[in-house]
Amino acid sequence: MKLKGLGNRAYNVLFHTHTVAGIVISFALFVIFYAGAFALFRHHIYQWENPSARIEVDRSVDYDQALLKVDSLYGLDHHTATSIVMPTEHYPFVRVFGAVHDTDSTTERIAASVVPGTYAVQDMNEPLTTLGDTIYHLHYFRQIPVVGIYLSGFVALFFLFASVTGLLIHWRNLFTKFYAFITEGKWKLIWTNAHTVLGVIGFPFQVMYAVTGAFFGLLTLILLPSVLLLYDGDSSQVFNKIRPEGNVVLDEQAPAADHLRLSTLMDQVQQAYPDFSVTRAMIRNYGQENALITWYVDDPESVASRGSLTMYMKDGVVLDDYSLLPGQTPYGPAVISVIGKLHFAEFGGLLMKIMYFVLALITGFMIISGVLIWQTARDNQRYTTQQRQFHHRVTKTYLAICLSMFPAFAILFLANKLVPMEVVGRVGWVNGIFFGSWLLLTLIGLRWDNYARLNRNYLFIGGLLSLGVPVVNGVATGDWFWQAWSTFPWVAAVDIFWLATGLVALYLVFRVLNVSTSITTKHSVRSSTAKPEPQNTHPQWAIDGANRSTH
């Protein structure tokens, strides 16, 4: 079955631009998807990375006491919004975010976690561990100062272009190529079929991620014209459209007064919306007569379910005009909420996150196959030896950066357990080991000219390191996965994941890739003295465009 395709000129132009756009962003895009796949579970793995968090969730937390404890240590500025994040099954601590004024009148943001029961305070600006956050920040290049997030946004934008052009150039033979997927023959054909089929399967997911990723990465640039032209450079007016409670003007000189306890107000919200969970609260003028609190609620199973209720703390009266009631949220805030849920798979429960994880890994494989298509298409006598050597070096560098992420991530998890919690600057040590090992593994990979060998070696190293993750966790914490399963299932799940990953990787190395060495994708730059093949006066992509109707 054939669909009506593009004209020859349009096909050739799109084919060429698709190839250029794809190869330019390929390794950066792989980093985004590979890190993003793990970042989906950054909250779920917190108890694994931080043994002190392996406690049961206390639903009867005294939030007033937690807030006052943090206030006594830091001296919070209650006129500036102070946020309280409720404990969850994966993160059983109360988190408090606020601001303090230094002696020189500068404002400093503070973040602290409070242990329910003991109300011990841990400074989150100097955390003991950030494994999940490190992976999460990597997926939008936050480690690159200032411009990192913008780079990730532009990569997402180019990915959207590459996805759409890819679908258009394969549109005519979409069904034929999809159902005629083969795993035998020349490697260029195998990689092309894999690239096409996986691209079609993941196309809706990829477009969604490209759009939402570009939105978050370029949000500041998107809003900048509006801020400058419509709001005279005052960005707070833009954000108040999204968070209407910011429009409530409060007298900072209001007298001190008693108010209802936070737990009482929270129960009021929970009774009004029994099918929703209270996720966090934001307070202004705490301890004063006009103290205002906004509760944020969410249904994790729904994609359009977030809402907020703003009330005075003295009597619990809800300000409907400054609330985004669930099911009645205006268009603008609702769209932003939906984009956030779609991007981070914060709906549909665990099954949705697993689907996202698998689709992200499939997209990573599609990116690698695209790089190999690009290289094999240029490994012939139509290019000079110097050009083919350049293509080979680019391919090898891209593969080394991408494939070395697998063992480097295993090293990150290992370092999280091998570096003692009491070490000063522990986060810096763990992150340094991760990024240093990734760089070292990449440099080692650049010495392997054979692509199949490069792939097998990274799988072998990563497989061995993966098997070590559950062992090191068990030795370091005593929570072996068969014991932790009944009490802290996500601790066991992380260990089981790495155990299964290691076994699969080693199986591929010794039983699958080892028997296919006769058909390897290796560097085949020919000697300049070899007998030249007949030259073609037209670029291959132009020939493909002219002859596509015959395939």
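Me: How are α17 and α19 oriented to each other, roughly parallel or roughly antiparallel?
Reply: Roughly antiparallel. This is a predicted model, and in it the axes of α17 (residues 451–477) and α19 (residues 489–512) cross at roughly 150°. The cut-off for roughly antiparallel is over 145 degrees, so the pair counts as such. The two axes come within 8 Å.

Me: And is that crossing left-handed or right-handed?
Reply: Left-handed, as α17 passes α19.

Me: Which residues make the contact?
Reply: From α17, they include Arg 456, Leu 459, Phe 460, Gly 463 and Pro 470. From α19, Asp 495, Trp 498, Leu 499, Gly 502 and Phe 510 are among them. By type, the residues of this contact divide into 15 nonpolar, 5 polar and 2 charged.

Me: Nice. What about α14 and α16, at what angle do their axes cross?
Reply: At roughly 145°, with the axes of α14 (residues 385–403) and α16 (residues 426–445) coming within 8 Å. This crossing is right-handed.

Me: Which residues meet there?
Reply: Lys 396, Ala 400 and Ile 401 of α14 meet Trp 438, Thr 442 and Gly 445 of α16. That contact divides into 3 nonpolar residues, 2 polar and 1 charged.

Me: Switching topic: how many residues are in the largest nonpolar core?
Reply: The largest nonpolar core has 79 residues. Those with the most contacts inside it are Ile 135, Tyr 356, Phe 409, Phe 413 and Trp 498.

Me: What does Tyr 356 touch?
Reply: Leaving out residues up to four places away in sequence, Tyr 356 touches Leu 40, Phe 205, Met 208, Tyr 209, Leu 342, His 343, Ala 345 and Phe 347. There is also a second, separate core of 33 residues, which includes Val 61, Tyr 63, Val 94 and Leu 325.

Me: Now backbone angles. What is phi of Phe 141?
Reply: Near 60°, a positive value in a residue other than glycine. Most residues other than glycine have a negative phi.

Me: Where is Phe 141?
Reply: Phe 141 sits in the loop between α4 (131–138) and α5 (148–169). Val 146 lies in the loop between α4 and α5 too, and has a positive phi of about 65° although it is not a glycine.

Me: Is Phe 141 buried or exposed?
Reply: Buried, because its relative accessible area is 11%, and the cut-off for buried is under 20%. Val 146 has a relative accessible area of 71% and is exposed.

Me: How about Tyr 331, where does that one lie?
Reply: Tyr 331 lies in helix α12 (residues 331–344). Its relative accessibility is 69%, so Tyr 331 counts as exposed. Tyr 331 and Ile 242 are 89 residues apart in sequence, while their C-alpha atoms are 9.8 Å apart in space.

Me: Last one, the big picture: how many helices and strands does the protein chain have?
Reply: The protein chain has 20 helices and 7 strands. Of its 551 residues, 48% count as buried. Among the contacts with a separation of 6 or more, 68% come from residues 24 or more positions apart.

Key: Residues are numbered from 1 along each chain as its sequence is written. This is a predicted model: local features need pLDDT of at least 70, side-chain atom pairs count only at pLDDT 80 or more; totals for chains, interfaces and linings use all residues. Side-chain values use heavy atoms; hydrogens and water are left out. Axes are lines fitted to C-alpha atoms, for helices over the stretch in contact, and angles run from 0 to 180 degrees between N-to-C directions. Helices (H or I, at least four residues) and strands (E, at least two) are DSSP runs, numbered from the N terminus. Angles under 35 degrees count as roughly parallel, over 145 as roughly antiparallel, 65 to 115 as roughly perpendicular and the rest as oblique. A crossing is left-handed if the near helix is turned anticlockwise from the far one by less than a right angle, and right-handed if clockwise. Contact means heavy atoms within 4.5 Å. Ala, Val, Leu, Ile, Met, Phe, Trp, Tyr, Cys and Pro count as nonpolar, Asp, Glu, Lys and Arg as charged, and the others, Gly among them, as polar. A nonpolar core is a set of buried Ala, Val, Leu, Ile, Met, Phe, Trp, Tyr and Cys residues joined through side-chain atoms within 4.5 Å. Buried means under 20% relative accessible area, exposed over 50%, partly exposed in between (1.4 Å probe, protein chains only).
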